[in-house]
Amino acid sequence: MILIALGANLPSEKHGPPRETLAAALLAIEEAGITVTAFSRWYATVPVPASDQPDFVNIVASLDTQLEPGPLMTVLHGIEHAFGRARGEPNAARVLDVDLLDHNGTISTDWPVLPHPRMEGRAFVLVPLRDVAPDWRHPVSGRSVSELVRDAPDLAGIRALMEADGA
């Protein structure tokens, strides 16, 4: 299973508010020849670490591709760049952030580091990950996504967003 996290808390010039930007990013991933097999509910999340930035919109998606981790990250970074992502200081507000969380259980300390090195303590990643892959287990710790969510320190800062049609 290949899992990515997408987040945004600034509007993009071309796609608008963060939620619309993330929807457009999913389409851009498909247009790059990568199949999006599922994605989570949309979540509004407070910035981590806490700051005066606007809230983020976050989702997790599962992908189907023959690309190995490095080439996949290159494609994902290209999409970020095309959407106006400017890499600067860590934890800055951003138009689009796409992180590779897991690539078929690969464990790597080379680029890209897998599984994502900071995902275990981030509810804004783990809660949507549980939507997409409720049986997923961390490739290093072996802990289930439900266990990781239970122990995540920032659960209070997450709320599911209603769909546009009110569903």
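**Note on the cores and salt bridges**

1. In this predicted model, the largest nonpolar core has 27 residues. Ile4, Leu6, Leu22, Ile29, Leu63 and Leu96 have the most contacts inside it. Such a core is a set of buried Ala, Val, Leu, Ile, Met, Phe, Trp, Tyr and Cys residues joined through side-chain atoms within 4.5 Å. Buried means under 20% relative accessible area, exposed over 50%, partly exposed in between (1.4 Å probe, protein chains only).

2. Strands E1 (2-8), E4 (56-64) and E5 (97-103) and helices H1 (18-31) and H2 (69-82) each give two or more residues to this core. H1 gives the most, six residues. Helices (H or I, at least four residues) and strands (E, at least two) are DSSP runs, numbered from the N terminus.

3. One joins Arg41 and Asp131 at 3.2 Å, N to O. The partners sit 90 residues apart: Arg41 in the loop between strands E2 (35-39) and E3 (43-45), Asp131 in helix H3 (residues 123-132). Arg41 is partly exposed at 45% relative accessibility, and Asp131 is partly exposed at 29%.

4. Asp151 pairs with Arg143 at 2.3 Å and with Arg150 at 3.1 Å, taking the closest N and O atoms. These shared partners make one network of Arg143, Arg150 and Asp151. Arg150 is exposed, at 56%.

5. Residues are numbered from 1 along each chain as its sequence is written, and side-chain values use heavy atoms, without hydrogens and water. Local features need pLDDT of at least 70 and side-chain atom pairs pLDDT 80 or more, while totals for chains, interfaces and linings use all residues.

Conventions: A salt bridge is a side-chain nitrogen of Lys or Arg within 4 Å of a carboxyl oxygen of Asp or Glu.
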